[in-house]
Amino acid sequence: MTTTPLLRVEDLRTYFYSQSKRAFIRSVDGVGLSIAKGETLGIVGESGSGKSITALSVMGLISAGPGVISGRIEFTTNGVKKELLQDLGTYVKVANKENRIMEIDKDVLGWERNVERVMHGVRGKEIAMIFQNPKSSLNPFTTVGDQITEAIQLHTPVKSEQEARERAIDWLDRVKIDSPRLRYDNHPYSLSGGMCQRAMIAMALACEPQLLIADEPTTGLDATIQAKIADLLAELKAELGITTMLISHDISIISRLSDSVAVMYGGTVVENGPAKTVLAVAQEAKHPYTTALLASIPSAKNVTDKGYLQAIEGDVLDTINIPEGCRFYGRCVRVTDKISDSCEHREPDLREIGPGHRARCWLYFDPV
Amino acid sequence: MTKTILEVIDLKKHFTSRKGIFSSFRERQSIPAVDGASFYLKENETVGLVGESGCGKTTIGRTIVRLEKPTSGKIIFDGKDITNVPTGDLRQLRGQMQMIFQDLDAALNPKMRIRDILREAINVHHKISDAETDKRIAGLLEQVNLKKSKLGNYPQELSGGEKRRVGVARVLSVGAKFIVADEPTSALDVSIQAQVVNLFRDLQKELGLSYLFISHDLRVVELISRKVAVMYLGKIVEMGLADRIANKAIHPYTHILWSSLVEKQSTEVTRNVRPAQAGSWGVFDFERPVAGCRFAPRCPVYESHGKPAVCIDPSSEPQLLDIGDGHKVACHFPL
């Protein structure tokens, strides 16, 4: 019996319309990934790669237009499969015209109402999310304790305030906030960034979700606190066996906590596979973007003999002007004469280059 | 013998707060953001300043360029004592020392196009013709590797890396030789960080610049600095050559700081110290009077030595002592 993944995303597309540029920003342009129960999937990518928008699409939190326009998101718990993008087709009409210009017709408000209907009982309860910038993600007007208690009462069978409060305090303790009873009554502004992040983790996990989505949980925090948050997430993973989608541009956090990794660039997944394989510098077969990314991390190993870091030339892909061929062409240093024509004109698809390891690159299979 | 371009002697910057967030019942409270820092910087050298949020590193940077008035101590720039230079004379001084700010959204006027931002910077300090100004701007863009087309853009239309480069171009346009760079690589993607680091390096070589590089990104500081000073709660606790600080640190705090780099395992054999553990992780509590060594409450060495009284005795606060090869440490029980 094959185990169904807890979450399976297929061909997800989330676009935004730019008035000033009169074009679609193709933030997520055909992303597919899957997470097995108990697994941690790390999504690595730089700004503009579409990783945060992918997470927000799964949570149904995209409010700008047109937003999600196609794809499937299958969430399976306790044998019950739920399609989070159900009926999307009835709200969106996509027409491809010549020269790759698209026309998208979407009933944005209708879709939003539909999403609320579908996600009710899922968001916060089955799938919980923690965000970057913990201080600005928490409600500044209520105490952290009350925020956690509210979440518990909303999403768990615990309805009595007394009991919910006790559980909140218990969770504050579990995320290693000192003096949890005192901190319960603090507002976010009285807490440091690291403590706010812990409070958010407590709020997310107190409802015992099936899936935790962590969007840049350590970015913006001090180095020592980053390590502590990473420790905490590792401990909670071991203790609760929680399934996690971890999003970050910090490769060290990803490699520490993930079982499998997906590398995103320009709105698509360019490589995925077991963390050890994808992030191992020694591993030869890899997508050139992953190789370049690993080589540009500031560290003593990456300094050339003249004392320079190996930066990737050029700027991150502007997801309005998606090129015809491979999205990394133009910045890629591994193009060979044999494949350069394909690289320039045809986008490769994601294909297996090793056991459970896939990459989107013409280097690894015959373009013909 | 390279000359010393900047010397900071026992610099203190205390902020007074009236009441509010520090729930003390006193009317006025003094926050010792920088509490006696001393170091020097030679020409064409990069000194890195590291520490966690709230340690005072940005405040030192701002005080050196006189964006804050020092409470006490001396700042000697290029041989001249600038500690109490009157505000009227600051403009001339700023032609030689500049700061690249951390928050570029706040530092670049969102209502001005990049072209105008750079023009303004040049015109404030140099009386040259418009044509000459535009020529200089073109030259600057080339130096920082920014496309000419960006001149017509507003700051909010630029990416993080591009804004950073505009900040650098602006500082260069003034012609300053000494630059305080506050968190120049934070909030940037890894590959853009690498570009910015390389840029700093190139410019230093080309123009003979000196940098005070303030950052909490230990890896970058390690790579770009010759000397590194580690700060904790307003004081410099250890200082020395970058390689030493990164690999042979002897102050317990420095050691913890570097071994917390998530991927990096400390390969040093540390006597009596449990790996990378420090005590409680609360907010820096200025309410709790700090007696003696400020790091004692979090210090694993203090713990493992049975909480010796000398560490928390206010009269024996550890001073920065030279232990050879320019390596200085303020600790009673260095590793």
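## A strand pair in chain A

In chain A, Ile127(A) faces Leu211(A), a residue of strand β9(A). This description rests on a predicted model. Strand β8(A) pairs with β9(A), which spans residues 211-215 of chain A, in the parallel sense, and four bridges link the two.

## The sheet of chain A

Which order do the eight strands of the open sheet in chain A follow? The order is β8-β9-β10-β3-β11-β12-β14-β13, and the pairing is mixed. At the edges stand β8 (127-130) and β13 (351-354) of chain A; each has a single partner strand, so one side of each is left without a neighbour in the sheet. From one strand to the next, the twist averages 20°.

## A helix across the sheet

## The contact between chains A and B

How many residues does each chain bring to the contact? Chain A contributes 31 residues and chain B contributes 28 residues. On the side of chain B that touches chain A, the elements giving two or more residues are α7 (190-207), α8 (218-224) and α10 (252-259) of chain B. Of these, α7(B) gives the most, with eight residues.

By residue class, the side of chain B that touches chain A comprises 12 nonpolar, 11 polar and five charged residues.

How values were computed. Residues numbered from 1 in each chain as written. Chains lettered and ligands numbered in written order. Predicted model: local features only at pLDDT ≥ 70, side-chain atom pairs only at ≥ 80, totals over all residues. Contact = placed C-beta atoms within 7 Å. Nonpolar A, V, L, I, M, F, W, Y, C, P; charged D, E, K, R; others polar. Pairing = 2+ DSSP bridges. Axes fitted to C-alpha atoms, helices over the stretch in contact; angles between N-to-C directions.
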